[in-house]
Each structure stands twice: as C-alpha cells, then as structure tokens.
Amino acid sequence: MKKIFYLSITLIVLSGIVSCRKYVEIDPEQTRPLKTTTEYEMLLYNANLLEPSYTLPLFSGDDIGSDEIVWQNSLGITQGNAYTWAENYFGTEEEDSQWSALYRQMYIYNLVVNGVMDSDNGPDALKRKVLAYAKVHRAYTYLVLVNMYAPQYDAATAASDPGVPMLLTPSFTGSLKRATVQEVYEQIVKDLTEALGDLPAIADVKSNPSQSAAYGLLARAYLNMRDFTNAQTASENALALNSNIVDLNAYAAAPATYPTKLVDPEAIFLKRTALAPTFLPVSSHMLSLFDVNDIRYKIFTMPASSIQGAQINTGRGYFKYRLRGEGIFIGPTVPEMILIRAECLARKNQFQNAMDVVNSLRIKRFPASAYTPFNAADASAALSMVMNERERELMGTGSRWFDQRRLSKDQGLIGTVARTFKSVSYSLEPGSNRYVYPIAPRYITMNPEIVQNPR
Amino acid sequence: MLHKEAGSVTSTSGRCLGHPLNIVFPQHCNPETQTCKSMNFYKFSLFNKRYFLFPKFLLVMKLTAIFMLAGFLQVSAAGFAQVVSIESKNAPLVKVLSEIKSQTGYKLFYNNDMMQRAVPVNIAVKNAPLEDVLNQVFSNQQLNYSIINKTIVIKEKPRSFVDKVVEMLNSIDIEGKVIDIDNKPVPGVTVILKGGKRAVFTNENGTFRFTSLPEEGMLIFSSIGYETMEVKISKNMVVKLRPAVLELPVANIVYNGYQQIDRGKATSSSVTITAKELDKSPDLDIMKRIEGMVSGVQVDTRNNKIVMRGVNSFSSVGANASPLIVIDGFPALDQNLTSVISNTINGNPVNVPAPSTSGSPVLSSFNVSDIQSITFLKDASAVSIWGAKASNGVIVIETKKGKRNAIPAISFSSALSTSGPADLSNIDRMSNKDYIALEQELFNLNYLTDPASAWRYASISEAQEWMFRVKRGTSTVTQRDSALNVLANRSNLGQIRDQLLQHAVTQQYNLAFDGGSENTSYRISGNYQKDRPVYKSNSGESYFLMANMSNDFLRKKLTLTTGITYTSKKAQTNSAAINAISIGRLGLAPYDMLADQYGNNIGRSLTFTQRVADSLVRLGHKSWNYSPFDELSYSNTIENRNSVRLNGALRGKVTHWLNVDVSGMYQKNMSDQVLLENENSFATRERLNTGTSIQSGRLVYGVPLGGIYKTSNSGSQNYSLRGQLNVDRQFNSIHRLNVIAGTEISEQKGSGYTQTRYGYDEQLSSSAVVNPTTPYMTMYGYTTTLGYGDGTVSKNRTRYLSYYGNAGYSMYNKYFLSGSIRFDDMSMIGVERRDRAAPLWSAGLRWDVKRERFMENVKPVDALALRFSYGTSGTFPNTGASAYQLISLGGRDSYTNLPYASISSPYNPNAGWETTRQTNFGLDASLIKGRLGVVFDIFGKRTSDIWYNVPTNATYGFSTIAYNTSTMKTRGYEFGLNGQVTKARDFQWDASFNFSYNTNEVTDDRFNSVSTSPATPRLTVGYPIDNLFAYRWAGLNDKGQSQIYNAAGEILSSTGSVQIQTADLVYMGRTVAPYFGGFNTSWTYKGINLFMRASYSFGHVFLKDDISGDKYPTGTSVSGLLNTSRVLADRWQKPGDEASTNVPGLPNTNFNSISWYKYSDINVLDADNIRLQQVALSYSIKRSLLQKLGGLKGANVGFSVNNLGLIWTKNKENIDPDYVMTGAFSNLPPTRNYSFTLNLSL
C-alpha cells in the first residue's frame, strides 16, 4: 500500500515535468520567421544596409585627384587600381565589396518583390506600397551595377552587350549569365514604371522611395539610354513634385548649418557611397571650372590644409559631405533633375530654354553681386555649358565617372584623361575598355558563365 | 552523544536535554589509539529514536535551542550532593553509572566498547559517599575509574601478568574466509579484533588466520569497495561482504551528472581529477591547474579554451567546439571555467568578448576549494546521457559536501603568489638606433608629412621632428644627429616597468566548515580571491559563498539535499599600460619617457603638435596632452558580476532497488559594467575639445561638459527541473541491473543593454540631457552628432525538453553492458520538429578480464579490463539555421527612427543536426600490486552533415551560405600511466604521465579548396582542418618586393596581375598540436613533498607573424609607436640587400609583397615545446607536533614556483609558440611566479 502511494506520487511529479512539446515551441526573442507585411516593410527600412551604394567611381572620375604621393600612398590597393583604371582591381580570391553589397541588397529587394503580396496581416495598399518600394530600390541598384560593370548603353549594340547577372528572385542556384545591357535597362524601366502607381508622391522619409524618386531614376536611366525625350519628361515629372533648390547664399556664412540629409529640400531619394574618405582632393581639372565667387567652391570645397584628417596640405578637398558627416549622397536630387532637363533641351536644340533652366539653378549658387546668367549662342555651346554646370553641381559624388562614360558616345565632350600615380603615368581615352570595371575573378571562378569584360 | 543507552535510566528530569553536557573533549586521550577512535564522543546522534517519533528535521532545527538550554542545566548540576543512594540487581554498569551521574551531577567519560564487556552490578547503598559507591561498583570489573575535575573517567584496568595468562588460556585460534556476494574470495581484507590492536589480512584465497582471540570477541572486516562488517568470533567463520554502495573514494567513481558509476564497472572513457590533485597547484586560474593533467584534453590557457579529443566540426571556435560544463548535475550558466575580463562595454548576455591580449584580470567561475572532483567525459558512452549539448565532451564538476556521521571540521587555506617583474626584454623590439633609422627611411621616402605645414596635423615623434627641422632649415644636420644620438641611447623600458607595470599578485583565502550526524550533513564555505595582473590599474576580486545541506526523513526513506552558492566578482580593467607598449597612436616611441628627470609626468599632445595644442589651450580648450601614467587613474572599466545558484534534490526510496529523484536548479547571473571617462580622461578631453567651436569670439560647447559615463547591464537566468527513476537490482548472485530513466526541462534566458550618459558630474552623480542626433559644430568647421547606439535591448530565450535513459547490466560482476538513449528537443525557430528533436544513443561493453579463471595465476596483473563503446552525439548549429527566412528585429534607424529588420541568415529548408559517431576501445590495468596503473584508449570519430558556410557567389546575395554538408573524421589515442616508483615506510615516489594524440581529416571529397589564400585554413579533403599552407619563398627582387615560386617553380612578382593557383601553396602542417600531454611526479619523505609538473606538445607549426600588412609602417596610420619587430631592422633598403635579407623594404611596397612575406614558408616554424609549469615543495606538520599546537588535525605549508617557462622548444629562434607576437604585450609569456600556501584543518 505504502509503495503504491509513493509510486503514485512519483508518477504525478514526473508527469508534471513531462509537458508537451509546446513547452519548447515558444515565440523567439528578436529573431523570427519573415511573415507579416510589416516585417517585409521593415526590411526596406534598414537604411544602414540599403543606403550605401558604390565607392570606387569616386576615385575613377576626373573630378578628383592629386599628384601628391602622400595622398596616393594613403589609398587602398583597390582604390589605387580604380584611380589608375587598372586591368584588374581584385585578387583571385578577393571579394568586390561593392558588387557583393549591391547584390546583397538585391536579395532583399527580390525577397520583398516575390513575397510581400503573399504576406500576412497587411492591407493590400500597404503590400502594394512595399512592393513598389522594393522595385524602385531594385531599379536603382541595377542602374548602378550596369553602369559600373557593363559597357555604356548603345542602342546599336545594347541587345548583345553583356550587362550584369540579373536575378529577379531570391535564389542561390541557377545561371548567373550576364543579361544584356538592353535587358537590364528594360527591367529598370519596367520596375520603375510599375512602381509609380503605388508610391506616395513625395517620400515620408527621404530614404524611402516616392514617385519623385521613381521619376528621378527614370530620368537617369533614359538619359543613359540617350532617350532624351523620355529623360526630359521624367525629369519634368520629378520637378513637378519637388522643385526646391537651396539658396546657398543662406549658408555662405555658416556652412555647417546646411540642412541634414532628412530635411535637405533638394534631396529626392537618399543613397550614399559605401565609403566617405576623410579627404577627397579636388582635381585641377575641376578647379579650373570654378569661378572663385561660386558659393559651391567656397563652402563645398576647402583648402586641404584646413581639412581635418587630410593627408596632404596642398590643393583643395571636397567638403560638402564633411559638413554634416552623414555621407556622400548620390541619389537623385532636384538640381540633377534641372540639369537633366536642361541637357535634354540643349540636345533638342532648345538652347535658350536650356540656359533659362540652368540659370534657375545658378542664381541660387552665387552671391547676387557676382551672379551673371549664362547665355549660349548655339546648342552645342549650351550643351557644353550645361555639362560644366553638371560637373560643378554633382562634384565629388562619382557622378562624373558615369558622365564620362556616357559622354564618350558624344563627339568632343570629353577628352583623354591623364594622371600620374606614384610616378607612373596613366591615361584613359574616351570609349576605352577601361571605362568598364572588371568583374572580380572570384565570381567568374565560381560561375564561369559570367564573362569578364574585355580590357 | 555518549552512548546508545542514553536515557534508559529514567530518574533525571532533563534526560535528553542533559546528555549533551557529556560531550567532553578528550585532551587526555590519544587519538591514535584504537580506544579513542572508536569512542563516540563527537557524534551528534543526540537522540534515541524510541523517544522521539517527531520528524527528525524539527529536532534538528531545535538543536540550537537545546544546546542553550543544556548550558543552563550544567550550571545547576554543580549544586548536587556527592552522596549516592542506589539499589540494583544484575543491572548493566551503564545504568548504574547513569544513576550515579544523575544524583551527583558528575560527568561520565567512557568508551562504549568497554561497557559492553562490563560485568552486571549488584549493589545496595544509601547516602553513601560517591567514592565508596564507585569502589564497590568497580570491584568486579575489568575496569578502573578515576575522578578528574567532577568527571568520572573510566579506563581499562592495567592487567596483571596473571590476567594475561588467564586470557591466553581462554583465547582461541580461528580460521576464516571472506567472500563477496558472488561467493568469490576477497583478498586483502583487513580483519581487526574489536577493542584490540591486532589485525590480519586475507590472502588471495580470501582466507585468514587469527590467533589468541577472546572467545566472546568481535572481528571487524573492512576493505575498499565493501561495507565494513562486525562479526562475532567463531571457528571457521565465513563472512560475506556486501559491496559498498556509497562513499567510494572519489577517484573510483565516474560521476556523469546523473548518476555515480563505479569506475571498475564503467564501459566509458573518462578521467577524474580529485580535489587533492587540484590542490597541488596554487594557481588562481583553474585552467592552469588542469593543464597537462588529463589525457585527451587540450587546455589553451593563452586563449582560455578547452578542447577534448580534437575537433568534430569545422567551427573550431566558439560554443560549438567547447565541452559542456556541468556543475552538480546541471549545466552551468557560465560555460567558462575562467573568465578573462575585457574592457569592452557589452550589453549582450550571450556573447561576452574576451580580450585579444593576455595579462587581463582573471575571474574564476568556480571556487576551486569547493570542488570535490572534475570528471572529463570523453567517449560517446560517457557523454550521450547529456545529449545534444555534449558532442564536444562534458566536464562534470562536483562540489564538496558534508559527510554523514562526521566530526565537525574547520579547514582554512590560503595561497599567496607573486610574480617577478615583467620581462620587457621579451618584447620583440628593435634597438632605438634601428628604430630611428626606420623613421629616417620613412621620412626619406616621403611617407611622413611635416606637421608644421598646417595647424591640424597630428604630432610626430621627437626623432621625426628633428628630421623635419633640418628640412625646414631650422636646424643643422649636426644638431639633428647629436639629438638623434641622445634618443638612440635613451630607453623608456625602465620607466614603463616601474610606472605602468606591477608585480602580478594573486591571493586566495578559503574557510570551510563541515560535519554531519546520522541523518544530516552540511558544509559551508567561503572564499576570497584577488588577482592583480601585471598591468597597473587592473585587478580582479571574487567572493564565493556556498552552503550545502542534506537531511534524511521518514527513517531515511526520503533525503532532501539543498545548496546555495553566491558569487560576487569584481574586475577593473584599464588599457593605459598596454596601449603604451602597443603599436599605434597611444604607443610610446622607445625613447619617449614617461617622466622627466625631476620625476614629473610627461604629457604629450597627440592630436596636434604641441605648439598648436598649447595655443588651443590658451583659447580655452582643455589640455590636449596624453600621459599613460595619468590615464591609469581614469577610464577604468569596472565590472561587477553577481551570481547565485540554488539547487535542491529530493530522493525517495520506494523499494530497496528503486529510488525516485526530483531535482532542480536555478541560476541567475547579473553583470554590470561601468566605464567612467571623466573630464580628466584623454578620450573625454579630446571629445570635448573637438566639440568646442569658437563662434562670434566665444567658446560654444557641442558636447556637454563633464565625463562620459558608459554602463552596461546584462542578466541571464536558467532553471532546470528533472525527474528521474533509479533502479539498482541484484537478481541473484549473477545478474545485476542498473537503470535510470528521466525527463528534464530547462529554460535559459537573458537580456542586456548599454547606456551612455554625457556631461556626467561625479560630485552630483548626474548627467546632462542630450539629444544624440542633434548636430553640433566641431572645431574643424563641420558638424557631427553624439550618435545613438543604445537603442537595442538584447534578449534571448531557449527552452529544452529531454527524455533520457541509461541502463547498465552486469553478469558475474565480470561482463558489463551499458546503453543509453536521449531525446532532445529545443526551442529553435523555423525548424520542424522532425529535424529539431534528435534521438542520440550509445552502447558500451566492459570485460573484466582479471576475473576470468585463466588470469587468476597471472600474478603481476591485479586488474585488467577491456572496454568498448559506440554512440552518436549531435550538435545543432546555433548560427541561425532555418527552414524559413529569418529576420532579426530590435533596431531603429537613428536618423529616420523607423524600426528596421535585417536578414539574419538565408533560408535553408534542409537545416539539421551535425552528427558525430564515436567508437572507443579502452584498456584499464593495474599491475604490480596496484603500483602501476595503466589506462589506454583509442578512439575514432566520424562527423557527418557538418554545418559549413559554403563560399557562395556573392552575386546570389551572400558570400557564404551555411549547409549541412561535409564529413570529417577524427581519431586518436590516449595513454595514461600512474605509478608508485617506490613505496617505503617514510619515502614515497609517485609519478604520472599522459600522452595523447589526435588528428582530424576532412573526408568529403567535394571539399577541394581552390583557396589561394594562406591566411585561413583551407578545408580540403585529406587535410586536417587546422592546416597551415604557405607561399614558397623565392627571395626579394631588386626593388625589395617579395617573390614566391609557383607550382611550376617559376618566380612570381608581387606587382602586376598575379594569378596565384591553389597548387602554388605548400602544406606546412597543423597549427594544433597532435601530440600533447603532461608529466608530474612527487617525492614524499615523511611530511615533506616535492612536486613537479610539466606539459608538452609536439608536431605542430606556427606562423611567426612578425610583420603584417596593417602593422607595416607604410600603412595609413603611422602615428605613435611603429612596428618594432626586430626583423624589420633587417629590411631591404637598397638594391643588393636582397642577397642578405628576406624582409620587404619600405619603398615599392604593395599588399602582395607584405602578405607573401608574412605567409611564406620561411616564417613557419616548428611549435614543438616542453614547458615546466611548476615545482612545489610542501611540508605536512607531524601529528605529534600538531597535538602540541592545540589539537590541529592537519597543517601543511607549501612553496611553489610556477610558469617556469619553456624547457625546450624546437624552433631555433627560441620563440615561445604559445605567445607569438600579435602586436601588443601579448607576445610576452607570463613571468615566473612564486606561491606560498598554507592549509590548516581543525
């Protein structure tokens, strides 16, 4: 009897412990399966991951550079390769941090594009907005990739020129064959156009996409495709939604009060370079384009000797990004839209209109006492004035490198660039193969269907 | 209590309460004699069961009160008269004496054994004087009495010659036999005549002869492993000994956390270190105490890591490679034996970073003095009971407990150790002259910028300043050269040693109190430890408090065991000293003194040249100067860790063969860190100054004035609850079955966060309100923000549910079979139960060969057993394997304030367990009368489905993706030898030696690495995972750049487009020692013991690592201390040097050139070494002397020298392979250390 009593106590105690599997199936802390629409949305709010974009074009363009060996010694190996348009940038095993980071973002965009419409607990409008967000991000990223690693768009050859591997679903297998340049551009335009209807006109937070961002990117894409009509339309659409230009006169005296990234009236869509070097020297070519009264020269460049952390003490360095320490912003802006519009007008021979458009920007860049409006005698003079203004406005952002590539399809707008690096001379002719970045050999070894760019 | 019959004479009022008075400490009694030993004076079995049917525990609780009451009664007893009235017929002597006692108030002092031999007493007296009565009572007895200080002391009567003759005539000679329950003879049993001093032993046939025994006497039979028995003397007696169930000597038990198994019956491979062995080394760091002691266990004290039987998986670091640490039956919350404290503020309860350098304060996780034993479970059969957590082996720690029926004892021990001053000559440092020449070459090559050219430049070294003076024309070449000459002859090493370093000192004090009565045992201990490492302003302190209690209820049917452990630890870290000798901005150039000739501290401006810094100070800035010595007082990171562990177990005896255990443990760790960078600290001054701009002629402070106060708080807790059935049943004399089965749940969770406060005022203990995202203006004309990184609260929670069972079956006590199975399920998001919960099992076999008949006559072999085991273990990769796409939450973007999510790992529908199958063959032998013990094990492990981050084309979105993909095997053998070289009466020489070998190999032929990088081991089929590949060095070219050979023997140049192929690298060997072990020996002469301990490791290689890309002085940061590596002094400088040097030059440098040099075969050296860890001398004070010292039970004093360093190393450069240069002081081996120890017990 006693034994039975003890045994039953034992069994009761034991059965209390042996709970069901529900005991272990608890909600996790901080990590969870991706299910709800809000979670998809949050993936796109990861600005620290999704804002950074390219870095090397900063060093490739002719708007930066210095012959000072101390500065050149401070460059990383890959940066030096980009600066000298080298044959290879990367070692056999080395990752290309830009390629990998951009494709890493692409995985997230593809994940959202393919999954958000089937996600849980989200109103349809939210799902569609998140889908549109992802498409705009994806279009931006492919536009960057195709302009770094593929030849410049040329209507005659685009359908056969290798572009970049174009994954549209999150996957870890399958061919990485480079889609043609044409296909990549078509996808960019498709994504942007599809997204437009579900986007807010103006972004709630400038790191999120908006209609103005989509139009801005469309304008960029068409400009690269030399479809100037569509580029102009897109830039005008963008400007219709946001045409704020900062009057730099307000900041000439106290440049450090320049608006921060989220409240910058000119910013349309925030993307930034992955790296913001402490010091980016202004090239002599760039300096020669400046009027000393230009406020951009005064506050957005600085003598190297007063820039903290500058390796050298001669020449000037870019300073706009250092004013706020938030990064070098490279997304579409209102001034860029104005300049695209002006360029398209100039190319369509409406040079007087083009000058008016450019002047609407320039008037905000000079003190009234020093301002003289541009006047052009013909379309080609107007075009070259617009292009110079574009250089000044978009300096130190890598944008110049992409323009150099683009303008190689125009006669006479760019020349051969020459530079000396650690006492070796290098030069780059317009249209050279070296205008296309090499693909890291690692990726080709792993997926030989990726073909290397001719050097 | 004095005697069992207490209370059977019933005339006193305070019968039970009065008896405790009779506890008399026998100063007049020699504890060495048999008589005294068998006395029960000390025992706390105060109350006879018959009189107290209340539950015992109530009484135990009342003990204190009773003692107090007893004290009063004693006082009143003094007033009794010394006359006695008594009448008895054939009454036992005891009864009579008790009556006398109650009438007189006199105390009694006697031995129970004597009383049993007393003759019954007939007496009738009335008011007779005490002495008359006693004379009458003792007239017929073999006993005598005396009265000492109101105590009646009863002694044996000295026997006359006649008595002895009579006794001899009455005595008998007997023969007998001792057998065990299997009817096998038991040799070596001690047979003692009860109450006498004589003893004999049984021979190998279990028989004994005993002569001249009293006919009515008792014999006591005792032998290790058997219960001690008392048997009445008879002719041709046969005594059957029962095996002892409890209290086997620790070393003979394998405690796996769930059950205790007799080592002689274990099928598994394990090693136990007992408290005695642990005590041989006085080191604070328990890792150092066990290093080289256990075969198959590699202890890396430099990196605070333990590896058992090699690796089973590709993740050779982190939790996946560490053994599970179990304390008193439950996994410890802190899975490190020792914590090395870093100064990183960390709010994550899971990942506590360890510092990268050695010499940080050490906090032990356990009080070594509380450890009864540490068992290392090695093979599958031993660990499978722990299931999923145990694939890397298990370390089971058992703490000391009080013993039943034990005399209360106090033990005290103390150890104090001090190290010699740090030997700075061991730093890999070139001469000052060479250092200045290095600076001169950097200067000549234009790697340096003249700070005088702009105000914002950082300051440069004194030597560089002189070089620039010549360039500027403010100084002549002669002036410069004479100044440089002064610098070349000035060394700061002396000042660094005196001002920034200290003698490392450790202190330990331990006090423990234990005891037990028949139904209760307890142990309480307290410990204090202090560690003061070699760097000033660093220290660690720990307090441990532990109390254990065990009580029996319901006539020992129910046993309740409870324990509580509280640990409080505190550590202070400060990196000023280590920074001063490390490469980089805060490092001191070798000629930079700490104090001037008058003894004043020298502060140097680092951010700007001294001239600019001084003028900024004149404008209102705080000082820009940095002085390592001053910094010792600021920026201390103070860490407090408190932990508490409660455990309880209730064991119920259902039948004689079935027990039920219900046990549980709760653990909680709380830790907080405080780093106050007060206003005087350099970091804060620099931050405040940088944030101070001059606007409209006045200073505007962007950062609130005051200190920066950083804190972190983290806590983790864990509970486990277990129910277990234990069956131990002997079916007849042949079969015995031992089964445990149980279930267990546990939960572990933690949370933590960090916080930074600005403008902290120590006096007011208050800080300023800041918006960390509001931009403020800096002195450089741009704005910045304080930044916000404290938003996230780290949290984790995991639950486990397990069912387990273990069965052991033995036949004829000769064949043993064991099997175990365990089923584990745990919280794992996104994994289906079928993949999540895995059954793991093992089986084992033991054959006690010596018990076979054919071994009976093999005399030199005392014991011989063979073991075999096979089983599986598994690990679930905790790196976020998931069948769903997982995201991590918990952050808000600091600009947009939007909550964001990130992808923690890509989706993998097939995520599952890594499975290791282990086979083990073992042999245990004992030879030459137990003088030589041999343990040999050979094992093989095969792991499949290894979780590996397969390199992926980053185009897919990830550079690596983890899969259960590969296979590998590990095999090895272990050999342990324990011997008594000589054993004489006074002299004993013991030695033990162990040797282990293990190797591993990737067996998956898909793993054929195409890696061309030697930096990380490449996983390739046929190679061990800790492989080291190197470039084949081909010398320098005429530009001072490295060249290597490719596979075809062509020389490759580091410039241009270099295509290195996998085959161009050569295999150099393993980086983990395949052969390792230890040796220790001790000589004991009387109380003096000399002990020596050494460890060795052979067969591996290491990379010299004296120059690396980021430490090469042409890199972007050339401020502060440059790389001082001696080889750099021999660098290439001009064409032609390539004939005599291999060190790349400063000009024409490129990444490949430095990396090729660093990873070339010329820099791979043999790491084989033998290390003498300790020589210790101790003296145990003789018992006779202890008596004079006031009855101490034991006293031992010791002196030891530790960290004696390398005895031998294979590499010719004499580099200590365990402490190679990693850029800081950490290349210094620990210095020699001297310890004094004292142990007392009373």
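## The interface between chain A and chain B

Buried area is the accessible area, found with a 1.4 Å probe, that two parts lose on being put together, summed over both. The size of an interface is often given in this way, as the accessible area lost when the parts come together. In this predicted model, about 7100 Å² is buried between chain A and chain B, and carbon and sulfur atoms give 61% of that area. The side of chain A that touches chain B draws at least two residues from each of several elements, including α1 (2-17), β1 (31-33), α7 (97-115) and α19 (441-446) of chain A. Helices (H or I, at least four residues) and strands (E, at least two) are DSSP runs, numbered from the N terminus. The residues on this side of chain A comprise 41 nonpolar, 25 polar and 15 charged; Ala, Val, Leu, Ile, Met, Phe, Trp, Tyr, Cys and Pro count as nonpolar, Asp, Glu, Lys and Arg as charged, and the others, Gly among them, as polar.

A contact requires heavy atoms within 4.5 Å, and 81 residues from chain A and 86 residues from chain B take part. Between the chains there are 0 salt bridges, a salt bridge being a side-chain nitrogen of Lys or Arg within 4 Å of a carboxyl oxygen of Asp or Glu.

## Chain B as a whole

Chain B contains 22 helices and 59 strands. Of its 1242 residues, 52% are buried, where buried means under 20% relative accessible area (1.4 Å probe, protein chains only). Among contacts in chain B with a separation of 6 or more, 69% come from residues 24 or more positions apart.

## Strand β18 of chain B

In a regular strand the side chains alternate between the two faces of the sheet. In β18 (residues 324-327) of chain B, Leu324(B) and Val326(B) point one way, while Ile325(B) and Ile327(B) point the other way, and all are buried.

Two strands pair if DSSP finds at least two bridges between them. β18(B) runs parallel to β23 (residues 394-399) of chain B, joined by 4 bridges, and Ile327(B) stands opposite Ile397(B). With β19 (residues 330-331) of chain B, the pairing of β18(B) is antiparallel, over 2 bridges; here Ile327(B) has Phe330(B) as its bridge partner.

## Basis of the values

Residues are numbered from 1 along each chain as its sequence is written, and chains are lettered from A and ligands numbered from 1 in the order in which they are written. Local features of this predicted model need pLDDT of at least 70, side-chain atom pairs count only at pLDDT 80 or more, and totals for chains, interfaces and linings use all residues, while side-chain values use heavy atoms, with hydrogens and water left out.

Methods. Buried < 20%, exposed > 50% of the residue type's maximum accessible area, 1.4 Å probe, protein only.
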